[in-house]
Amino acid sequence: MDSGPARQLEQLSATRAKLGLIASELKKCEFLKRATSSVLDWTSPAAVFILLNLKALKSGGYVFLTQPSGTEPDFRGLLQLNRMAEEHDTRVIMFCPGVVDSDKYSSVANEIFVVTPRDPNPGYEQAFEISCPQLASSLSPASGKVLCCIRMGHDGLESEITPYVADDLRTRLMAILKADDWSLEKIGEIVNLNKSNVSRKLSFVSTSVPKGWDARMLDEWLEACGLDPIESEGTDDAGSAGDDQTAESEDYDDGDDLDDLDCVKPVARASRNERNTRNDAKPKKKNR
């Protein structure tokens with residue numbers, strides 16, 4: 001759940017290794033699935049009793065449970081599941097799509113992860129944010145959050161997990177352009193915002209340029225954000241070059257004084273110092 005750059009992730013991994021927090025290597029894994037009713041509340045006393053008597057419950061295993069949609073877990077059932085996990089050295093992972101307020105369960109569950117739908121990046125169909133409230137920080141809004149984008153590919157479901165930048169797609173685009181050394185004025189022209197508004201939106205946002213970033217990817221992001229594509233700079237350069245040549249041709253003097261007689265050109269008035277210099281250079285008349 002780290003949203004920093006790759007170098008920071010390597011530092012965290014090295015720190016975990018020194019502290020002995022690296023998980024043991026999984027040499028053998030056995031998957032067991034039990035078909036149950038979709039309306040079964042796993043925090044009810046009857047469901048907890050069923051879990052306690054499962055023969056598949058082994059030491060060091062993982063139990064994945066899914067609560068019915070719209071059903072919040074019961075506190076007493078969660079406490080029983082916690083005691084069961086501690087006794088059997090088992091981790092119980094529960095998916096609760098009906099939980100609205102996750103703060104009230106923070107004292108019962110060991111860890112809580114909140115999944116929220118978000119706008120997908122260009123090229124993906126759906127996206128959601130995975131956040132851990134225990135890792136939240138007011139100084140770093142991206143702390144404890146990641147963005148997961150998914151799509152259907154030729155080989156099945158494809159996913160991409162990237163550091164969290166912002167909820168909306170336009171702010172992510174502005175952050176990429178800033179990381180690509182774009183000025184705030186130029187970014188504001190692209191997204192139709194003032195320079196100060198761009199600076200305010202990117203004040204606590206940090207990101208990196210995606211791999212393979214080019215003009216084609218930029219056009220995809222602009223289209224996904226509903227923004228106008230950027231005009232080709234080569235056309236502008238050619239037009240400006242033509243204008244310069246035209247200007248040079250108009251101001252060009254080939255030395256033919258006869259052509260100059262047909263042109264009425266304004267003459268700049270001489271300055272006061274120039275007039276005095278001319279008067280001093282003229283010969284003075286003698287008084288008779």
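Contact here means heavy atoms within 4.5 Å. This is a predicted model, in which local features need pLDDT of at least 70, side-chain atom pairs count only at pLDDT 80 or more, and totals for chains, interfaces and linings use all residues. Residues are numbered from 1 along each chain as its sequence is written, and side-chain values use heavy atoms, with hydrogens and water left out.

Q: What is Ser102 in contact with, leaving aside its neighbours within four places in sequence?
A: Ile112, Val114 and Pro133. Ser102 itself sits in the loop between E2 and strand E3 (114–118); strands (E, at least two residues) and helices (H or I, at least four) are DSSP runs, numbered from the N terminus.

Q: Why does Ser102 count as buried?
A: Buried means under 20% relative accessible area, exposed over 50%, and partly exposed in between (1.4 Å probe, protein chains only). Ser102 has 18% relative accessibility, so Ser102 counts as buried.

Q: What makes H4 mostly covered?
A: Eight of the 11 residues of H4 are buried, among them Leu169, Met174 and Ala175. Their cover includes E3, strand E5 (145–153), helix H5 (184–191), helix H6 (195–201) and H7.

Q: How do the axes of H4 and H7 lie?
A: The axes of helix H4 (residues 169–179) and helix H7 (residues 215–224) come within 9 Å and cross at roughly 150°. That makes H4 roughly antiparallel to H7. Axes are lines fitted to C-alpha atoms, for helices over the stretch in contact, with angles from 0 to 180 degrees between N-to-C directions. Angles under 35 degrees count as roughly parallel, over 145 as roughly antiparallel, 65 to 115 as roughly perpendicular and the rest as oblique.

Q: Which residues meet where H4 packs on H7?
A: Leu169, Arg172, Leu173, Ile176 and Leu177 in H4 meet Leu218, Trp221, Leu222 and Ala224 in H7.

Q: Why are H2 and H3 called roughly parallel?
A: The axes of helix H2 (residues 45–52) and H3 come within 10 Å and cross at roughly 10°. That makes H2 roughly parallel to H3. Val48, Leu51 and Leu52 in H2 meet Gly77, Gln80, Leu81 and Met84 in H3.

Q: How do you know that E1 and E2 pair?
A: Two strands pair if DSSP finds at least two bridges between them. Five bridges join E1 to strand E2 (residues 91–95), and the two run parallel. Val63, for one, has Val92 as its bridge partner in E2.
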